[in-house]
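Student: Please pick one part of this model and take me through it closely. Give me the cut-offs as you go.

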Amino acid sequence: MSLECFQASLVLGIAGNALGSKGEKWGTAKSSAEKQKVIGDLGGLGAISVGSPAWPVGEEGVFAVTTIEALATGKTGEELVRDVAMRYADSMATDMANKPISTYLLNQVSRLQPTDIDYGIFQDYNDHATHSSAAIRCFGVGLRFHKAKHIQDLVAAAIDISRILHHHPVAYMGGVTAALFTSYAIQEKELREWGAGLMTTIPMVLEYVASSDRDVVQNMSTYQVFEQTWREYLRMRGIADGQRRPKFPRKYDMKKRNELYQSLALPNKELGASGLDATLIAYDALLSSGGSWEDLCNNSMFHAGQGNVSGALAAGWWGIQHGFSSVPLSNYNSIDFKDRLMIAATKLYELSW
């Protein structure tokens with residue numbers, strides 16, 4: 001696996017976040033058809049120069065960048081988690097200055113006390129903290145801990161980083177999924193194997209949650225929706241055991257995609273907004289898009305919901321597999337934080353091997 005693959009995973013992932021976010025260019029476009037029209041009116045995907053001010057990185061992408069930089073220090077365990085929390089707090093006066101931020105994240109970041117590992121970092125269990133933000137923040141964990149022998153480190157880091165701001169199984173299992181699939185891409189596992197691998201990892205996730213002794217009863221009573229929905233999807237695609245080629249409808253257009261994606265979403269949540277359906281959408285898009293960057297963007301970023309996280313994850317995994325070679329330069333050359341991401345990718349590459 002080359003350094004370019006590490007660089008492409010981070011740079012394209014953050015570019016995917018910018019393309020899928022609700023930047024000013026989207027206007028009132030909400031449906032996939034409306035978004036496709038916006039892209040067409042701009043001259044097509046290849047004509048879009050991704051970066052501020054027109055296509056800025058969203059708030060969750062900013063926190064992903066700071067997480068990646070913490071991972072690139074080589075810190076592990078409590079030292080890593082404390083550093084991540086410190087960077088989240090500091091980012092409010094730096095990277096997030098003059099950027100819109102949700103009330104939820106503003107409240108959660110403002111309460112952080114990174115010097116207190118027991119009471120000042122991790123959020124208490126929250127029934128509403130199911131957001132997909134944890135998944136994009138944990139994407140880089142898979143670059144740091146990509147070897148099979150480091151699976152326990154990957155699980156622990158993804159759960160702890162998720163629970164700094166989002167303490168709910170749907171959120172931190174989304175974080176584990178994002179990190180795990182990143183590691184699988186680097187290991188060059190067949191795509192059809194990824195979902196089955198996630199299912200075998202869930203007991204390890206539950207074991208860590210129980211051992212951490214944080215709101216264990218609530219966690220153990222609410223994780224099932226994540227596992228059950230993923231198992232249902234894998235059965236539908238015929239890849240529950242990871243041995244067969246995935247099955248897709250003969251005509252798998254955006255209408256059918258949106259219907260499927262909506263059926264996988266949590267009740268009363270916008271499509272793509274939770275750690276459950278954001279990871280499923282990203283995986284489904286990667287399975288069905290082949291080597292086409294344009295198809296990947298259409299399927300993971302421009303659906304009828306929030307494409308900021310599903311787009312980032314799909315683009316990041318795609319980048320590991322394909323690098324930059326077939327991506328229009330305009331789609332990533334001017335993205336926010338590019339220089340920082342390239343530096344962090346180099347550090348992660350050196351650390352992880």
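Tutor: Start with burial: a residue is buried under 20% relative accessible area, exposed over 50% and partly exposed in between, using a 1.4 Å probe and protein chains only. Helices here are DSSP runs of H or I with at least four residues, strands are E runs of at least two, and numbering goes from the N terminus. The model is predicted, so local features need pLDDT of at least 70 and side-chain atom pairs count only at pLDDT 80 or more, while totals for chains, interfaces and linings use all residues. Residues are numbered from 1 along each chain as its sequence is written, and side-chain values use heavy atoms, without hydrogens and water.

The part to look at is helix 1, residues 3-20. Of its 18 residues, 16 are buried, so the helix is mostly covered. From first C-alpha to last, helix 1 reaches 26 Å. That is close to the expected 26 Å, taken as 1.5 Å times one less than the number of residues.

Next, the empty space. Rolling a probe the size of a water molecule over the atoms shows where empty space is left. A cavity is a set of points, on a 1 Å grid over the protein atoms alone, where a 1.4 Å probe fits but cannot get out. Grid points join across faces, edges and corners, and the volume is the space filled by probe spheres set on them. One cavity of 30 Å³ or more is found by this rule. The largest cavity has a volume of about 70 Å³.

Its lining residues, each with an atom within 4 Å of a point, are Ser9, Leu10, Gly13, Ile14, Ala64, Ile68, Ile136, Phe139, Ala312 and Leu313. Helix 1, helix 3 (59-71) and helix 16 (308-322) each give two or more residues to this lining. Helix 1 supplies the largest share, four residues. Eight lining residues are nonpolar, two are polar and none is charged. Nonpolar covers Ala, Val, Leu, Ile, Met, Phe, Trp, Tyr, Cys and Pro; charged covers Asp, Glu, Lys and Arg; the others, Gly among them, are polar.

One more contact partner is worth a look. Asn331 sits in the loop between helix 16 and helix 17 (338-352). Its relative accessible area is 0%, so Asn331 is buried. Leaving out residues up to four places away in sequence, Asn331 touches Ala15, Leu45, Gly46, Ile48, Val50 and Trp293, with contact meaning heavy atoms within 4.5 Å. A polar atom of the Asn331 side chain lies 3.0 Å from the backbone oxygen of Leu45. For the backbone oxygen of Ile48, the distance to a polar atom of that side chain is 3.1 Å.

Technical notes:
On a 1 Å grid over the protein atoms alone, a cavity is a set of points where a 1.4 Å probe fits but cannot get out, and a pocket is an open set with protein on both sides within 12 Å along at least five of seven lines; lining residues have an atom within 4 Å of a point. A polar contact is a pair of N or O atoms within 3.5 Å; within protein, one must be able to donate a hydrogen and the other to accept it, and residues adjacent in sequence count only if both atoms are side-chain atoms.
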